Amino acid sequence: MKFVDEVEIRVEAGDGGNGVVSFRREKYIPKGGPDGGDGGDGGDVYLEADENLNTLIDYQFERIHRAQRGQNGMGKNCTGKRGEDIVLKVPVGTRATDQETGEVLGDLTRHGLRRMVAKGGFHGLGNARFKSSTNRAPRQKTMGTPGEIRSLKLELMLLADVGLLGMPNAGKSTFIRSVSAAKPKVADYPFTTLVPNLGVVRPVHHASFVIADIPGLIEGAADGAGLGIQFLKHLERCGLLLHLVDLAPYDGTDPAVQAVTIVNELQQYSPKLADKPRWLVVNKVDLLTDEEVEERLAEVTEALEWEGPIYQISALSKKGTEQLCKEIMTYLEQLPKPSEVEEEDAQATTEFKWDSYHQEQLDAHDDDDDDDDFDDDDYDVEVVYQK
Ligand SMILES: Nc1nc2c(ncn2[C@@H]2O[C@H](COP(=O)(O)OP(=O)(O)OP(=O)(O)O)[C@@H](O)[C@H]2O)c(=O)[nH]1
């Protein structure tokens, strides 16, 4: 299974600076020798894995990245300054592929790992270099070479941080749409047309989380379709569930009954998921008066014997959604990082290559040598269906 956060960017390394032709001209030295300096090399473009990032979303807004050109050489044998490199930070787990050749330029599998993706141009030579016994006043120089330019595809496989639970029509799609800053691509689902709804939510500038809906997938699981189970497994690693309850069902069904049904289903299909921290989010409050909201909410909480956090929102009008997402972000940020819960996850990692891939990333933090031994096969995630 792949949840792919994918962007295309263009990287342009800096051109090399040109060499120059210059001759020493000083009082009393009428025929000074050549003193044209070399240019500086162009800056390179690097990608660097950063564990503080979890999506590629920023690159959807800024697509062209240019490193600085090398400075031209100068007289008096002065070499031009090297162009500055640029380092583009990407989340750990990002793969960079050259769009034209299909060549994988780097798998950024570990925090701090750096890969050059566009090499700066080489500097041109100044005429001082061409001086020889036969040519004392050379007029040659060379130009700097152009920096590499590449179109890159950056791909990141995502784990959902938040699972969204709710009856059909509860407003899950509307909610994800209204809070998402980006929609990751969901690819490679064999045997099924069910596609989970996914969104990247960025409630504050510096942080984001991935939200995924669950319901059709539970139906899939009930039918024995692989995806349902597979997806539930995937979600078992999420940090939080939101239970979205439609407080004003258009068909007049009872929100309390609906809420209980979903929780029962959840317990039936994935006890592990049912044990996850869960928040109750009542939706469509725009359709009701405050009194009606209070009344129906009381019925829901009573039926669920609910004592956890409760949020009232309107996914459609976005009332309450911003606050909710900020609190989710705060909540997720204080959760232990995956490496701290390795023990608990040990079982899941035996079943999915995706998980072993992540595990490998975590393990890799411990060893110090470079990562050239990274095995490509572990990146391409394949679904391993349970029988
Ligand atoms: N008035 C109002 N309508 C809403 C709100 N949220 C969702 N809706 C409407 O409720 C209907 C169902 O919303 P969806 O987002 O499709 O619900 P869903 O949970 O994704 O449904 P499934 O795809 O069937 O699982 C749509 O007509 C939405 O416009 C809300 O906050 N207020």
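This is a predicted model: local features need pLDDT of at least 70, side-chain atom pairs count only at pLDDT 80 or more; totals for chains, interfaces and linings use all residues.
Me: What makes Ile176 count as buried?

Reply: A residue is called buried if 20 or more other C-beta atoms lie within 10 Å of its own. Ile176 has 23 such neighbours inside 10 Å, and therefore counts as buried. Ile176 is placed in helix α1. Leaving aside residues up to four places away in sequence, Ile176 touches Leu164, Asn197, Gly199, Ile211 and Asp213. Asn197 is 21 residues from Ile176 along the chain, and their C-alpha atoms are separated by 7.5 Å.

Me: Which residues of α1 are buried, and how do you know on which side of α1 they lie?

Reply: The buried residues in α1 are Lys172, Phe175, Ile176 and Val179. Around the axis they cover an arc of only 95°, so they lie on the same side of α1.

Me: What does helix α1 give to the shell around the ligand?

Reply: Helix α1, residues 172-179, contributes three residues, the most to that shell. There are 16 residues around the ligand, and Pro168, Gly171, Ser173, Thr174 and Leu316 come nearest. By class, the shell divides into six nonpolar, seven polar and three charged residues.

Me: How do you know that the span of helix α4 agrees with its number of residues?

Reply: The expected span is 1.5 Å times one less than the number of residues. Helix α4 has 15 residues, 255-269, and should therefore span 21 Å; its end C-alpha atoms are 21 Å apart, which agrees.

Me: Which residues of α4 are buried, and what makes them line one face of the helix?

Reply: Pro255, Gln258, Ala259, Ile262 and Leu266 are the buried residues of α4. Seen down the axis of α4, they fall within an arc of 100°, so they line one face of the helix. Their cover includes β9 (162-165), β14 (240-246), α5 (271-274) and α6 (290-304). Thr261, Asn264, Gln267 and Gln268, on the other side of α4, are exposed.

Me: Why is Asn77 called partly exposed, whereas Lys284 counts as buried?

Reply: The buried class begins at 20 other C-beta atoms within 10 Å, the exposed class ends at 12, and partly exposed lies in between. Asn77 has 17 within 10 Å and is therefore partly exposed. Lys284 has 25 inside 10 Å, so Lys284 counts as buried.

Me: How many residues score at least 70 in pLDDT, as a percentage, and where is the pLDDT below 50?

Reply: The chain averages a pLDDT of 80, and 76% of the residues score at least 70. Over residues 187-193 the pLDDT is below 50, and this stretch has 13 contacts in the model beyond near neighbours in sequence. Residues 339-387 also have a pLDDT below 50, with 56 contacts beyond near neighbours in sequence. The model scores ipTM 0.97 and pTM 0.63.

How values were computed: Residues are numbered from 1 along each chain as its sequence is written. A residue is near a molecule or strand if its C-beta atom, placed from the backbone, lies within 6 Å of it. Helices (H or I, at least four residues) and strands (E, at least two) are DSSP runs, numbered from the N terminus. Ala, Val, Leu, Ile, Met, Phe, Trp, Tyr, Cys and Pro count as nonpolar, Asp, Glu, Lys and Arg as charged, and the others, Gly among them, as polar. The arc is that of the directions from the helix axis to the C-beta atoms. Two residues are in contact if their C-beta atoms, placed from the backbone, lie within 7 Å. pLDDT is the predictor's confidence in each residue, from 0 to 100.
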